[in-house]
Every structure is written in structure tokens, then in C-alpha cells.
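Here are some exercises to work through with the sequence and the 3D view side by side. Try each task on your own before you read its solution.

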Amino acid sequence: MQGACVSILCVCICVSVLLHSAISQPPTESDTYTECTDGYHWDLQTEHCKDINECDTIPDACKGGMKCFNHYGGYLCLPRSASVIPAPEPAITPTESNPCPLGYEAQDDSCVDINECERDEHDCQPSQQCINTLGAFTCQCPDGYRKVGTECIDIDECRYRYCQHRCVNVPGSFSCQCEPGFQLSGNNRSCIDVNECEMGAPCSQRCYNTYGTFLCRCDQGYELEADGLTCKDINECGFSSFLCQFQCVNEPGKFSCVCPEGYQLQGTRLCQDINECETGEHQCTEAQTCVNIHGRYQCVEENRCQEPYVQVSENRCVCPVSKPACRDQPFSIVHRYMSITSERSVPSDVFQIQATSVSPGAYNTFHIRSGDENGDFYIRQINNISAMLVLARAVSGPREYTLDLEMVSVNPLISYQGNYQTSSALRLSIYVGPYTF
């Protein structure tokens, strides 16, 4: 019986020594405030590593009838008859030289707090601030740092998403940055859109601000180049040859139509012939008649009758039957004038001939008497009293034709020596202009 008690007492003494050793050496904290050594966990309230009671957290921690005893950083399995006596905390007793508790000093008949910070009797790091407390002191880290053990660790504020766009952590602080097209607002955290158009965006013409960026646009008549900034003129004349009737002239941002000499612009694209004979812009004499043609005018003599013809009216000449030279000539010649454009599509009706008087029973035929040596025209008879002059081949100007279009009348009812035949001619002057419109 005595031997058993001695054995248990030895175990108790050993455990007591062990526990005293554990109490005298508290666990050190790791450099990272969320990490502790095995057997400890991080306590958010005290901001220290706290011992884990394995006897509560591990089911059946001890086997074989052994009893679980928790201690710093681990646990012990001892017989159920064993007991653990923790080592007592050393008592702080006033000494003869300082009758006051630790952190105080005697002054007259009372104990006053010692300001360890002013006396430089502290162990704070150079980067820490010493703050005096009653009977002790604390070491406080600068803003942006957190105390872990005896060290100050930088707080990574970027982990908490303080910035709207980008966060840059720096020792003891942080800074917010914005994406291109934005700038920091007054709170230095939010980002607001930048109006690049008001800040001198490099658009050559129009600028439109959008969220985070901007767009360049061009005025009418211009198009945006590949750089998205510069506007270049659109050559509208190169798109189509039908923009203008005569000639298209490209201008910055637009185009205009011009007409040749002798024409004036009608509207924006059409060219209209100027009638110089009506406007008085001609140089014909009083003995001449002004004839308007495409793009210009022609001065013709008022009396164009040549021997053996005599003038009977402004444009009509008659060959008297009393003159022997008139025997093989048309009885009358009427002068007419007209103009056509170059490269006119063919076949094309040019001029209609109409008989002014017809004898009863007369049969009329029409033909080109002279002036068409190259066969550029032909006659298409419509009926007994009319025919059409047709352009057979495309012709280019400037050029002038003088065609004698003859109508021959044969009347079998009037017979002296065979069938009675007479003729009249239309002397048609055709001016071909130099242009195709």
C-alpha cells in the first residue's frame, strides 16, 4: 500500500514539473497573425494564439482506462488515480527597496504608476509606439499595420476590396487606381468617367464621349480613317459618273457640278443651254439672224437665197418658172435650223417633214436631195404628206450638215405631156454640238 502511494506521488511530481516548464514558456506567435503552432488556434478577441483543449475536441483521446489531462500545446494520458497539481504563479511581493507592486513606485505614502514609455523602460520595436497603462505599457503599431506577437505586420487593404477598379498595396497603406478613361473621385476609391472630348481628345472633327472612352465621327462628306481619329474627304465624283450631267468637281466635304461654256447649271446637276439669241449675248449684225444651237449660236444671213432663187419671205426662196435655170430645180426652198448632241443613240428621229399644201390626186415622195454624202441620215416616209429624217449613225461634233430634203409631187390628173410633176425642198442646217447631253 505504501509502495503504490509513492509511485503515484512520483507521477504527480513529474507532471507538476512538466506543467511548470510549460507555464514558464508560453507559446510564441507566428509571423502571420492567422497561423499558430500545433496545439494552438488564433483567438480573434485577444489576437493571440490560444491553447486547444484536446480532451474536449478529440473523442476518446485516451484509451485503456487512462484519463486525459490538457496542457499547453497537447495533452497527457494518465491513470485515473493520478492528479495534476499546476505550479503556482510566482507571487509578486514588494521588496524592501520598492514596497509597491510591479509597475508602480513609492511616492510619499502612496504608490504611483511608472511611465515606462517616458523612462524608455519598454521593449517596443522602433516602428512601434509605446503607450503607458496603469502598472504596465503596450506597444501599438502604426496605421496600416497589425501586431502579431511582438512584430508589426503590414495589413493588405486590397484584400478587402476598398477600390472600385485597381488596388495597389504599399507598406502601411494602399492606393486606388482607375482603368483608362476613368479618374479617381473625391473619396480616392471610386472611379468616375472622364469626358475626353472636353479634355482635348484628338478627334479631327466630331467627338462623342462614351463610358470609359470616346468616339470620333466625321462631318458629312468625310469618312473616318483606320486610326479612328482622322477624317478624310470622300471623293463623291469617283462613286458614279451620273452625279453630274457634264462634269463633277470634288471639293472638301462635298462636290459640285459644272457646265461647259454656253450652258448654265439648272438645279444642282443638270446643264441647260444658254439661248444667246434671247439674252442678247451674241455678236450678229443687223443683216444677220441669230440662230441658237447647243452651247453656242450661229449668225446666218437674212437672205440666203441664191440665183436663180429669189426671196419671197424670211426663210423661203422661190425659183420662177420663167427662168430656164429653174427647170431642174425645186420650185421652192425653205430654210430651217436645228442642233443635236454628239454621240446620239441611233437610229434616232431627228426632224419631221410636213407638206403644207397638197393637190388633189397628187402622190408625194420624200428623199435627201443633197448634203448626205456619207450616208449618216435616211428618210422614213410616214404617209403621203409627211416623212421623218432619221440619224443612221452616231456622229461627233462640233460639226455642221446642210441637207436638202425634197418632196416630189406627181399628179396624174393634171396632164400636159405626161404626168405633172413638181417638187419643193427643205434646206435643213444641222449643227452637231461637242457634248453628249
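**Exercise 1.** In which loop is Pro 347 found?

Solution. Keep in mind from the start that this is a predicted model.
- Step 1: Find the two elements around the residue. Pro 347 sits in the loop between S27 and S28.
- Step 2: Val 346 and Pro 347 are joined by a cis peptide bond, with omega about -5°.
- Step 3: Most peptide bonds are trans.

**Exercise 2.** Now go to Gly 397 and Pro 398: which kind of peptide bond joins them?

Solution. 
- Step 1: Check omega, which is about 5° for this pair.
- Step 2: Name the bond: Gly 397 and Pro 398 are joined in cis.
- Step 3: Pro 398 belongs to the loop between S31 and S32.

**Exercise 3.** Work out where Asp 108 and Arg 161 lie, and say whether each is buried or exposed.

Solution. 
- Step 1: Start from the backbone. Most residues other than glycine have a negative phi.
- Step 2: Compare Asp 108 with that. Its phi is near 60°, which is positive although the residue is not glycine.
- Step 3: Locate Asp 108 in the loop between strand S5 (104–107) and strand S6 (110–113).
- Step 4: Use the cut-off: exposed means over 50% relative accessible area. Asp 108 has 76% relative accessibility, so it counts as exposed.
- Step 5: Do it again for Arg 161. Here phi is near 55°, again a positive value in a residue other than glycine.
- Step 6: Arg 161 lies in the loop between strand S10 (151–154) and strand S11 (166–170). With 75% relative accessibility, Arg 161 is exposed.

**Exercise 4.** Describe how strands S15 and S16 are put together.

Solution. 
- Step 1: Get the direction. S15 (residues 206–210) and S16 (residues 213–217) run antiparallel, and 5 bridges join them.
- Step 2: Pick a facing pair: Thr 210 is opposite Thr 213 in S16.
- Step 3: Look at the turn. The two strands make a hairpin with 2 residues between them, and Gly 212 in the turn has a positive phi of about 90°.
- Step 4: Check the record. The UniProt annotation "domain: EGF-like", from an unreviewed entry, covers several stretches, including 193–232 and 233–272.
- Step 5: Look at the make-up of those two stretches. Residues 193–232 are 0% helix and 40% strand, with the end C-alpha atoms 29 Å apart. For residues 233–272 the figures are 0% helix and 45% strand, and the end C-alpha atoms are 29 Å apart.

**Exercise 5.** How many salt bridges does the structure hold, and what do some of them link?

Solution. 
- Step 1: The count is 11 salt bridges.
- Step 2: Take Arg 369 and Glu 406, whose closest N and O atoms are 3.1 Å apart. This pair links distant parts of the chain, since Arg 369 is in strand S29 and Glu 406 in strand S32, 37 residues apart.
- Step 3: Compare the partners' surroundings, with buried meaning under 20% relative accessible area. Arg 369 is partly exposed at 35%, whereas Glu 406 is buried at 6%.
- Step 4: Next, Arg 393 pairs with Asp 376, and their closest N and O atoms are 2.6 Å apart. Arg 393 lies in the loop between S31 and S32 and Asp 376 in the loop between S29 and S30, so the pair ties together parts 17 residues apart in sequence.
- Step 5: Arg 393 is partly exposed at 43%, while Asp 376 is buried at 3%.
- Step 6: Follow the chain of contacts: Asp 376, Arg 393 and Arg 399 are linked in a network of salt bridges.

**Exercise 6.** Which element gives the most to the lining of the largest pocket?

Solution. 
- Step 1: Find the space: the largest pocket holds about 650 Å³.
- Step 2: Find its centre. Of its 30 lining residues, the closest to the centre are Ser 332, Thr 356, Ser 357, Met 407 and Ser 424.
- Step 3: List the elements that give two or more residues: strands S27, S28, S29, S32 and S33.
- Step 4: Pick the top one. S32 gives the most, with 7 residues.
- Step 5: Sort the lining by type: 15 nonpolar, 12 polar and 3 charged.

Technical notes
Residues numbered from 1 in each chain as written. Predicted model: local features only at pLDDT ≥ 70, side-chain atom pairs only at ≥ 80, totals over all residues. Heavy atoms only, no water. 1 Å grid on protein atoms, 1.4 Å probe; cavity = no way out; pocket = protein on both sides within 12 Å on 5 of 7 lines; lining within 4 Å. Points joined across faces, edges and corners; volume = space filled by probe spheres on them. Helix = DSSP H or I, 4+ residues; strand = E, 2+ residues; numbered from the N terminus. Nonpolar A, V, L, I, M, F, W, Y, C, P; charged D, E, K, R; others polar. Salt bridge = Lys/Arg side-chain N within 4 Å of Asp/Glu carboxyl O. Buried < 20%, exposed > 50% of the residue type's maximum accessible area, 1.4 Å probe, protein only. UniProt positions renumbered as here; feature names shortened; annotations may be inferred. Pairing = 2+ DSSP bridges.
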